[in-house]
Amino acid sequence: MSIWWSLHLRREAASVPLARRLLLGTMETAGVDPDISYDLSVALTEACANAVEHGGGADAHGASGGYRVTAYLDGEKCRIEVADSGPGFVPRRGSLCGHTAPSSAESGRGLCLIEQLADHVHVRSRPGRGAVVSFDKILKWREGALLGVS
């Protein structure tokens, strides 16, 4: 058995904890190890915060645009994708941690943190059409988990 869900959220700060709580609730119900759940929820928080901050301007009516979060839990791994409709950016080659912001900076470390928490990260930028950050992590299961690999 597997679970997947997709949300379309407004680019507002209040949407970030909503996505995080939904992911944590899904993983708790499925029986994912709490340490793995925590790592993925922090990575999701960073990806959502980036989408909220950098994901595009307001529409013709002054409302902020949206972004999409999709999560797949399937047996041995969880894959999460966060896509926005902003201007995109030039992804760095190699490690996302190669040119991080200074430790005293209040921003600029999110992609590096995602890379450190996930097993695999892929960043795709579509200039003028947004960015997609996807990441996955091999799951560990609690004893008696609903979805754990048998």
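1. Elements and their order. Helices (H or I, at least four residues) and strands (E, at least two) are DSSP runs, numbered from the N terminus. On that basis, the secondary structure of this predicted protein model comprises three helices and five strands. Read from the N terminus on, the elements follow the order β-α-α-β-β-α-β-β.

2. Basis of the values. Residues are numbered from 1 along each chain as its sequence is written, and side-chain values use heavy atoms, with hydrogens and water left out. Because this is a predicted model, local features need pLDDT of at least 70 and side-chain atom pairs count only at pLDDT 80 or more, whereas totals for chains, interfaces and linings use all residues.

3. Confidence. The term pLDDT denotes the predictor's confidence in each residue, from 0 to 100. The protein has an average pLDDT of 85, and 81% of the residues score at least 70. Among the elements, the lowest mean pLDDT (92) belongs to strand β4 (residues 120-126), and the highest (97) to β3.

4. Burial and contacts overall. A residue is called buried under 20% relative accessible area, exposed over 50%, and partly exposed in between (1.4 Å probe, protein chains only). Of the 150 residues in the protein, 40% are buried. A contact means heavy atoms within 4.5 Å. Among contacts between residues at least 6 apart in sequence, 66% join residues at least 24 apart.

5. Helix α2: length and ends. The expected span of a helix is 1.5 Å times one less than its number of residues. Helix α2 (residues 34-54) has 21 residues and should therefore span 30 Å; the distance between its end C-alpha atoms is 30 Å, which agrees. At the start of α2, a side-chain oxygen of Asp33 comes to within 3.0 Å of the backbone nitrogen of Asp35. Just after α2, Gly56 adopts a positive phi of about 130°.

6. Helix α2: buried side. The buried residues of this helix are Ile36, Ser37, Leu40, Ser41, Val42, Ala43, Leu44, Thr45, Ala47, Cys48, Ala51 and Val52. Their cover includes α1 (15-30), β2 (66-74), β3 (77-84), α3 (110-117) and β5 (130-138).

7. The largest nonpolar core. A nonpolar core is a set of buried Ala, Val, Leu, Ile, Met, Phe, Trp, Tyr and Cys residues joined through side-chain atoms within 4.5 Å. The largest such core has 33 residues, of which Leu40, Leu44, Tyr67, Ile80, Val82 and Phe135 touch the most other members. Two or more residues come from each of β1 (2-10), α1, α2, β2, β3, α3 and β5. The greatest contribution, nine residues, is that of α2. Setting aside its neighbours within four places in sequence, Leu44 is in contact with Ala19, Arg20, Leu23, Val69, Ile80, Val82 and Phe135.

8. Trp5. This residue belongs to strand β1. Trp5 counts as buried because its relative accessibility is 11%. Apart from neighbours within four places in sequence, Trp5 is in contact with Ala19, Leu22, Leu23, Thr26, Val69, Thr70 and Ala71. A polar contact is a pair of N or O atoms within 3.5 Å; within protein, one must be able to donate a hydrogen and the other to accept it, and residues adjacent in sequence count only if both atoms are side-chain atoms.

9. Thr70. Strand β2 contains Thr70, which is buried, with a relative accessible area of 5%. The side chains of Thr70 and Ser6 are joined by a polar contact of 3.0 Å. Beyond its neighbours within four places in sequence, Thr70 is in contact with Trp4, Trp5, Ser6, Arg79, Ile80 and Glu81.

10. Helix α3. The buried residues here include Gly110, Leu111, Cys112, Ile114 and Leu117. Among the elements that cover the buried residues of α3 are α2, β4 and β5.

11. Cysteines. A disulfide is a covalent bond between the sulfur atoms of two cysteines. It is identified here as a pair of cysteine sulfur atoms within 2.5 Å, and the structure holds zero disulfides. Cys48 is buried, with a relative accessible area of 0%; Cys78 is buried, also with a relative accessible area of 0%.

12. Glu28. Helix α1 holds Glu28, which is partly exposed at a relative accessible area of 49%.
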